[in-house]
Amino acid sequence: MPVSWNDLKHNPDLENCEVFINNQGSLFRLTEAEYEVIREIIDAKNSSAKALPEHISPYNFSDDADKPFIAEAEFSEAVKQLLRKKNIILQGPPGVGKTFIARKIAYEIMHEVRDSNIEMVQFHQSFSYEDFVQGIRPTLKGGFDLRDGIFYSFCQRAMAHPERPFFFIIDEINRGNLSKIFGELLMLIEADKRNKKFALKLTYSEDEARFYVPENLYIIGTMNTADRSLAIVDYALRRRFAFVSLSPVFDENFSQFMAAKGLSRDIITHICKSVGQVNQLISEDVNLGIGFQIGHSYFCSFTSGSDEKIWWQELVKFELQPLLEELWFDNQEKITKCINMMLN
């Protein structure tokens with residue numbers, strides 16, 4: 001992996017190095033001690049890149065004991081779309097396990113659990129191009145320096161290992177100002193632009209160095225469809241992603257998971273039936289739709305040995321009822337109907 005100018009410049013053992021005192025020209029004197037310091041920095045960066053994995057194990061979705069609540073055909077389709085487009089967004093109601101599924105998709109493509117090949121970030125309104133790609137940052141000495149962002153650094157890692165796939169997960173992708181964060185990456189992330197010949201000079205590049213997104217890097221975004229206060233995804237960015245919709249699934253896999261946590265078959269059947277009916281009402285509401293359904297993660301908090309009736313009553317009263325009151329703030333009759341449906 002390359003070592004940047006700033007990696008060297010900020011090293012206190014190199015502060016008297018001739019090149020940092022007067023960098024006019026192309027040849028500089030280097031002491032033996034300075035040479036050793038630079039050699040150690042280069043070795044440290046590249047040895048850490050080579051020693052990425054610690055706990056690696058084979059992975060196959062079909063054999064996964066901790067499988068997410070998603071049909072195998074739907075999961076395979078998401079994998080297929082990521083391999084085709086290189087960028088996908090998993091969209092759906094809160095609580096359907098989008099972030100969890102994103103990691104499983106990465107494992108499935110790698111055929112192994114290798115978390116060191118996965119990086120994750122969460123977008124928010126304060127997240128910027130300077131955080132994501134590259135920017136000028138203040139230093140402890142009172143000056144300013146060029147610093148690489150998290151995506152830029154991860155691309156460098158992927159370039160150093162072209163034989164392996166790397167995955168960048170962006171949680172809550174629609175919470176950031178996407179055009180400002182991505183900048184010129186809008187073109188570089190396209191599947192057919194992942195090549196050195198499409199490399200561009202970045203906004204803050206100090207020299208003629210150019211940057212491109214490597215072919216072995218995949219981007220997985222997650223997006224809550226119930227976030228009404230947020231702007232829609234920029235059309236230019238939308239064209240660069242494939243969108244995979246996820247819905248709550250209360251199937252046999254979910255029932256087995258709940259039974260393993262210690263819940264009785266009766267209450268599991270009641271949860272699947274009553275929440276399914278509530279989700280049906282939400283989906284049929286013209287002002288809401290399938291993006292506002294109740295996700296299955298609400299029901300994964302049961303602790304073995306607890307009283308399941310008390311757990312269920314508290315869950316409905318303190319989590320589901322407030323959610324329904326927000327969805328149907330002007331329709332108390334429908335809220336009461338749903339609460340009765342779940343408690344009786």
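Trainee: Is Glu172 buried or exposed?
Mentor: This is a predicted model, and in it Glu172 is buried, with a relative accessible area of 15%. The cut-off for buried is under 20%, so Glu172 falls in that class.

Trainee: Where does Glu172 lie?
Mentor: Glu172 sits in the loop between β7 (166-171) and α8 (178-182). Its phi is near 55 degrees, a positive value in a residue other than glycine.

Trainee: Which residue forms a salt bridge with Glu172?
Mentor: Arg175 does, and the closest N and O atoms are 3.3 Å apart. Arg175 counts as partly exposed, at 30% relative accessibility.

Trainee: How many salt bridges are found in the whole structure?
Mentor: The search finds 12. One of them pairs Arg29 with Glu18, with the closest N and O atoms 3.4 Å apart. Arg29 is in the loop between α2 (18-21) and α3, while Glu18 is in helix α2, so this pair ties together parts that are 11 residues apart in sequence.

Trainee: Changing topic, which residues form a negative surface patch?
Mentor: Asp13, Glu32, Glu36 and Glu40 form one. Of these, Glu36 has its place in helix α3 (residues 32-50) and is partly exposed, with a relative accessible area of 38%.

Trainee: What is the phi of His111?
Mentor: It is near 65 degrees, a positive value in a residue other than glycine. His111 is in the loop between α5 (98-110) and β3 (112-113), and it is exposed, with a relative accessible area of 57%.

Trainee: Where is Asn216 found, and what is it in contact with?
Mentor: Asn216 is in the loop between α9 (185-188) and β8 (217-224). Leaving aside neighbours within four places in sequence, its contacts are Ala158, His161, Pro162, Arg164, Pro165 and Phe166. Asn216 is buried, with a relative accessible area of 11%.

Trainee: Which residues is Asp285 in contact with, on the same terms?
Mentor: Leaving aside neighbours within four places in sequence, Asp285 is in contact with Trp328 and Lys334. Asp285 is in the loop between α12 (265-284) and α13 (308-327), and it is buried, with a relative accessible area of 13%.

Trainee: Finally, what does the secondary structure of the whole chain come to?
Mentor: It comes to 14 helices and nine strands. The C-alpha atoms fill a box of roughly 85 × 40 × 40 Å along the principal axes. Buried residues make up 46% of the 344 residues. Among contacts with a separation of 6 or more, 70% are between residues 24 or more positions apart.

Technical notes:
Residues are numbered from 1 along each chain as its sequence is written. This is a predicted model: local features need pLDDT of at least 70, side-chain atom pairs count only at pLDDT 80 or more; totals for chains, interfaces and linings use all residues. Side-chain values use heavy atoms; hydrogens and water are left out. Patches are made of residues with over 30% relative accessible area and no salt bridge: like charges are joined within 9 Å, nonpolar side chains (Val, Leu, Ile, Met, Phe, Trp, Tyr) within 5 Å. Accessible areas come from the Shrake-Rupley method with a 1.4 Å probe; for residues, only the protein chains shown count as cover. A salt bridge is a side-chain nitrogen of Lys or Arg within 4 Å of a carboxyl oxygen of Asp or Glu. Lys and Arg count as positive and Asp and Glu as negative; His and the chain ends are not counted. The place of a charge is taken as NZ of Lys, CZ of Arg, CG of Asp or CD of Glu. Helices (H or I, at least four residues) and strands (E, at least two) are DSSP runs, numbered from the N terminus. Buried means under 20% relative accessible area, exposed over 50%, partly exposed in between (1.4 Å probe, protein chains only). Contact means heavy atoms within 4.5 Å.
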